[in-house]
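Trainee: I'd like a close look at one part of this model, and then a walk through whatever else is worth checking. Could you take me through it?

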Amino acid sequence: MAKNDQNNENNLFKDIVAHAKEYGFVYQSSEIYDGLQAVYDYGPYGAELKKNIKELWWNTMTRFHDDIVGLDSAIFMHPDTWKASGHIDSFNDPMIDNKDSKKRYRADVLIEDKAAAYEKDGDKDKAQALLDKMGQLMTDEDMEGLRNLIIEEGIKCPVSGTDNWTEVRQFNLMFSTQIGSVADDSNKIYLRPETAQGIFVNFLNVQKTARMKVPFGIAQIGKAFRNEIVARQFIFRMREFEQMEMQFFVRPGEELDWYEKWRDTRMKWHKALGIPENKLKFHIHEKLAHYANAAVDVEFEFPFGFKEIEGIHSRTDFDLKRHMEVSKKKIQYFDPEISKNYIPYVVETSVGCDRLFLMLMCNAFTEEVTGEEGNEKKRIYLKFKPALAPVKAAVLPLTKKDGLPEKAREIYKQLKSMHNVVYEEAASIGKRYTRQDLIGTPYCIAVDHQTLEDDTVTIRDRDTTSQERMSIDDAIKFINDKCSFQHIFASLD
């Protein structure tokens, strides 16, 4: 990749991060104390956008599909949960330090970034060969081989510019804490590193109480925690994050068919959010996790390259079988159609809510230059799908007098019960339009003197800046229709 192109992409990402903070989407956590690395807070508009993402995902899973129900399991779980799942023994990342900069990196991420650079330059075969070699070294747990591969590829520390690397070491990512009122009596427990195990240990509870028949799924949204030593790229990799996972339980032998179905279904969902097809791709795992017999990532092209936003995995019967072994409790399903007991196999879809948030921010961030040469004007706006936008509409009286504010507030109150809308009367109408563009509000409703005469208003479209006059009743119907999830659901049918 040309250096200028790389600089442009880095600058674009910096602009997006700065925009997110300046306009109330994401703040550095504990900023008045100089912040806490890799931990972030969501501001007023960020909280709304994140809520919309979760609501859309939840409705898609539990309303759109009759065979999926929901769950909300606890963050704290019995420590044997993580023994059964393999997290205590094998939930590690390979870390490497640069002796000159004293900075620590994930060895696999350094190599993946190098492969991404090869792919950017058009050498997909070289990129894939590098990933294949890394995958084999990871499978063999060959830490020395990983270090040698980094040196052979000429991978240098971004800070020091040297390849003066330490050996590669495995680092467990789970946060631990104590439970119990007396220190001597307390027990070590963990903050969950994933939400999936809460679903697995509740499999029989959900199946029996919700009267579900295999195949069926259990969906959950919840916080997870990983002690990421190398946390970077804003909210892409954080220590506290939110997962949206669905575990789909199927008959043994049918898992790969369901895996392919969910792989395609989830890709279709991302496109329905307004993500262009050329910004999405599948990345098939060469190195499979210990529990999987097939795995693929959905990747989005961020300004810093294609990165995972969702994983679809065929987890076999590993999880339920391991929990049955460790708990000594029978975890089986009796299938009345074939009169047989078995441990179901599982197909998982796991998407990071925070990564989806960042994907939507990057995709929505739009810079347009208008006007003739020498008299150009730059316009920045966030091009969210209306149903996902933090604010659906702004009601703007043309002036602060002549009864316009009172009329505008009547319209605002009618919309407020259905959507997150704002009322604003400060500054010129043009400046107010600009403010709404910067937070991604799809429609602005202008109330002027004609409104008082014939009950009509002007609706301005964020993307085209075109304006259309219609009755107040039609304007309310228009907002209700355009900002509904139904438009997204229609593209999934």
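Trainee: Does serine 30 count as buried, partly exposed or exposed, and at what relative accessibility?

Mentor: Keep in mind that this is a predicted model. Serine 30 has a relative accessibility of 37%, so it counts as partly exposed; the cut-offs are under 20% for buried and over 50% for exposed. Its place is the loop between strand E1 (26-28) and strand E2 (40-42). What you'd want to look at there is the backbone: serine 30 has a phi near 55 degrees, which is a positive value in a residue other than glycine.

Lysine 102 also has a positive phi, near 65 degrees, and again the residue is not a glycine. This lysine is in the loop between E4 and strand E5 (104-106). With 66% relative accessibility, lysine 102 counts as exposed.

The peptide bond leading from valine 214 into proline 215 is cis, and its omega is near 5 degrees.

Now to helix H7, residues 143-152. Its buried residues are Met143, Gly145, Leu146, Leu149 and Ile150. They sit on the same side of H7, because the arc they cover around the axis is only 155 degrees. As background, an α-helix has 3.6 residues a turn, so residues three or four places apart point the same way. Glu144 and Glu152 are exposed, on the face of H7 turned away from the buried side. The cover over the buried residues of H7 includes strand E4 (92-97), helix H5 (107-120), helix H6 (124-139) and strand E6 (169-172).

At its start, a side-chain oxygen of aspartate 142 comes to within 3.4 Å of the backbone nitrogen of glutamate 144. Just after H7 comes glycine 154, with a positive phi of about 70 degrees.

Last, a helix pair. Helix H2 (residues 44-62) packs with helix H10 (residues 255-272) at an angle of about 140 degrees, and the axes are 13 Å apart. Their crossing is right-handed. On the H2 side, Leu56, Trp57, Thr60 and Met61 meet Trp262, Arg266 and Trp269 of H10. Sorted by class, that contact has five nonpolar residues, one polar and one charged.

How values were computed: Residues numbered from 1 in each chain as written. Predicted model: local features only at pLDDT ≥ 70, side-chain atom pairs only at ≥ 80, totals over all residues. Heavy atoms only, no water. Buried < 20%, exposed > 50% of the residue type's maximum accessible area, 1.4 Å probe, protein only. Helix = DSSP H or I, 4+ residues; strand = E, 2+ residues; numbered from the N terminus. Arc of directions from axis to C-beta. Contact = heavy atoms within 4.5 Å. Polar contact = N/O pair within 3.5 Å; in protein donor to acceptor, adjacent residues only side chain to side chain. Axes fitted to C-alpha atoms, helices over the stretch in contact; angles between N-to-C directions. Left-handed = near helix turned anticlockwise from the far one by under 90°. Nonpolar A, V, L, I, M, F, W, Y, C, P; charged D, E, K, R; others polar.
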